[in-house]
Amino acid sequence: MSTPEQVTIEIEGNQYEFPVVTGSEDEKAIDISKLRSSTGYVTLDPAFVNTASCTSDITFLDGEKGILHYRGYPIEELAAKASFIETSYLLIYGELPTSDQLTTFTDKITASSSIPEQLKSLFDTYPASAHPMANLSSMICTLSAFYPEASATDLSAEQIDASIAQLISQVTTLTAYSYKKSLGQTLVDPDQKLDYCANFLKMMFGLAGENFEIDQDIVEALNLLLILHADHEQNCSTSAVRLVGSSRTNLFAAISSGALALWGPLHGGANQAVLEMLETINEAGGDYNQFLAKAKDPDDSFRLMGFGHRVYKNFDPRAKIIKVACDKILAKLGVENPLLAIAKGLEEAALQDEYFVSRKLYPNVDFYSGIIYHALGIPTDMFTVMFAVGRMPGWIAQWKEMLDQGSKIGRPRQIYTGAVPRSYESIELR
Ligand code: CMC
């Protein structure tokens, strides 16, 4: 059956027509933007399960078929062939860069890698035990204090490009400095001779004044992880970026709100929660069946972390790629990790379990990513920070598109269910 151009909704005996919008991959939506003005009704859709908040040219995701494309390119191809910086350019500017464009973009990012000197002293004010996501999100917002020009109401394309390069670059410097401070070590300054991933690893794991040996396998693994996390259309953190950005606050403020949304364990915080869960299972003797039982118990709030997804109902293509990479990198590094065996056993058991099968719960991107981060030497509480570094170009691309679309300020409605008007009566004071 062909898609109708409009649909009719009948309310209180009156018929109203609403246009149907069809996406380039044949996704269908009813455009209800005139619903309230024509009928007086609004829609109620908690957690936006059925609501497209925007149209977007950036990322396509088919949850039933397990498809993920950035600007039309399959994630499998980009993961196999592209660099993270190329992917970032693609997401933000819409096309893969030419050789000259890539050089200019890379040079801008490299040249922007040093954070303002005063910002360094701010790290001393955070307790060493602070969660790195607390540091990162506030530091990203603090960049707006050092780059006030990003808050101009009439931003030029050059200014936007400068802020974009600063963010993509400095998020790695901020991350590495926060890590070094937590260890009480001297900061390692950015090395502008190195590429993005190698420089990031050197700032994290190098020692000031000492030579840092670059392991190309680790650089490649990091490049892959960052690409896989680079965008995922209108998820919780990206929606936060677009909503906060719609008030025309500056890029740094909008992106820090995305980082804060990402921190939660139902979203990007799941990678940390997965590794902690696997460690708990390991410490309890490795029997994952009791954890499966807990996850299935409706009276137990425990969930199998790294399982399930709002959109993917078949498999998460990122998880497939990560699982293969996980085997490869652990073998290359010669790391024997008992958590990998537990993860594989748990996955196999869950995929045969009626509870998980009937609810279409599959491993998501976070299920195996923690095991790779762990092998790369990243501490568990920094896993979500790594996700944020990877998601940076996606958040930026979505923010930029939102501005280019001239989006109105985001402002959902509600259905009020509280008390109806009543009179105030003074209490009698004793
Ligand atoms: N373990 C056990 N049961 C689950 C799980 C899970 N991980 N996920 C969903 N369910 C059950 C849930 O209890 C519900 O059962 P019932 O129908 O009997 O009430 C059913 O499956 C549907 O779940 P839902 O909460 O309505 O699904 P949602 O779309 O609102 O939530 C989710 C999606 C990702 C928040 C959820 O699956 C979850 O909490 N997963 C664990 C956390 C996690 O791994 N998050 C990372 C997501 S991927 C990375 C990212 O992009 O952020």
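Author: Leu-194 lies in the loop between α7 and α8, where helices (H or I, at least four residues) and strands (E, at least two) are DSSP runs, numbered from the N terminus. This is a predicted model, in which local features need pLDDT of at least 70 and side-chain atom pairs count only at pLDDT 80 or more, while totals for chains, interfaces and linings use all residues. Residues are numbered from 1 along each chain as its sequence is written, and side-chain values use heavy atoms, with hydrogens and water left out.

Reader: Which residues is Leu-194 in contact with, leaving aside its neighbours within four places in sequence?

Author: Contact means heavy atoms within 4.5 Å. By that rule, and with those neighbours set aside, Leu-194 touches Asn-199, Lys-202 and Ile-214. Leu-194 and Ile-214 are 20 residues apart in sequence, with their C-alpha atoms 9.8 Å apart in space.

Reader: Why does Asp-191 count as buried?

Author: Buried means under 20% relative accessible area, exposed over 50%, and partly exposed in between (1.4 Å probe, protein chains only). Asp-191 has 14% relative accessibility, so it counts as buried. Asp-191 sits in the loop between α7 (157-183) and α8 (196-205). Beyond four places in sequence, Asp-191 is in contact with Asn-199 and Lys-202.

Reader: What makes Glu-12 exposed?

Author: Glu-12 has a relative accessible area of 67%, and therefore it is exposed. Its place is the loop between β1 (6-11) and β2 (14-22). Glu-12 also has a positive phi of about 50°, although it is not a glycine. Glu-233, likewise not a glycine, has a positive phi of about 40° and is found in the loop between α9 (216-228) and α10 (236-245).

Reader: Why is the pair of Phe-307 and Phe-367 called edge-to-face?

Author: A search of the whole structure finds 13 aromatic pairs. Rings of Phe, Tyr and Trp (its six-membered ring) pair if their centres lie within 6.5 Å; planes under 30 degrees apart count as stacked, over 60 as edge-to-face and the rest as tilted. The ring centres of Phe-307 and Phe-367 are 5.2 Å apart and their planes stand at 90°, so this pair is edge-to-face. It links distant parts of the chain, 60 residues apart: Phe-307 is in the loop between α13 (289-296) and α14 (317-333), and Phe-367 is in helix α17 (residues 366-375).

Reader: Which other residue does Phe-367 form an aromatic pair with?

Author: Phe-367 and Tyr-368 form an edge-to-face pair, 5.1 Å centre to centre with 90° between the planes. Phe-367 has 0% relative accessibility, so it counts as buried; Tyr-368, at 2%, is therefore buried as well. Ring pairs link Phe-307, Tyr-355, Phe-356, Phe-367 and Tyr-368 into a cluster.

Reader: How do you know that the radius of gyration of the protein agrees with a compact globule?

Author: The radius of gyration is taken over C-alpha atoms, and the globule rule is 2.2 Å times the number of residues to the power 0.38. With 430 residues, a compact globule would come near 22 Å; the protein has 24 Å, which agrees. Its C-alpha atoms fill a box of roughly 75 × 75 × 55 Å along the principal axes.

Reader: How many helices and strands are in the protein?

Author: The protein has 18 helices and 6 strands, and 48% of its 430 residues count as buried.
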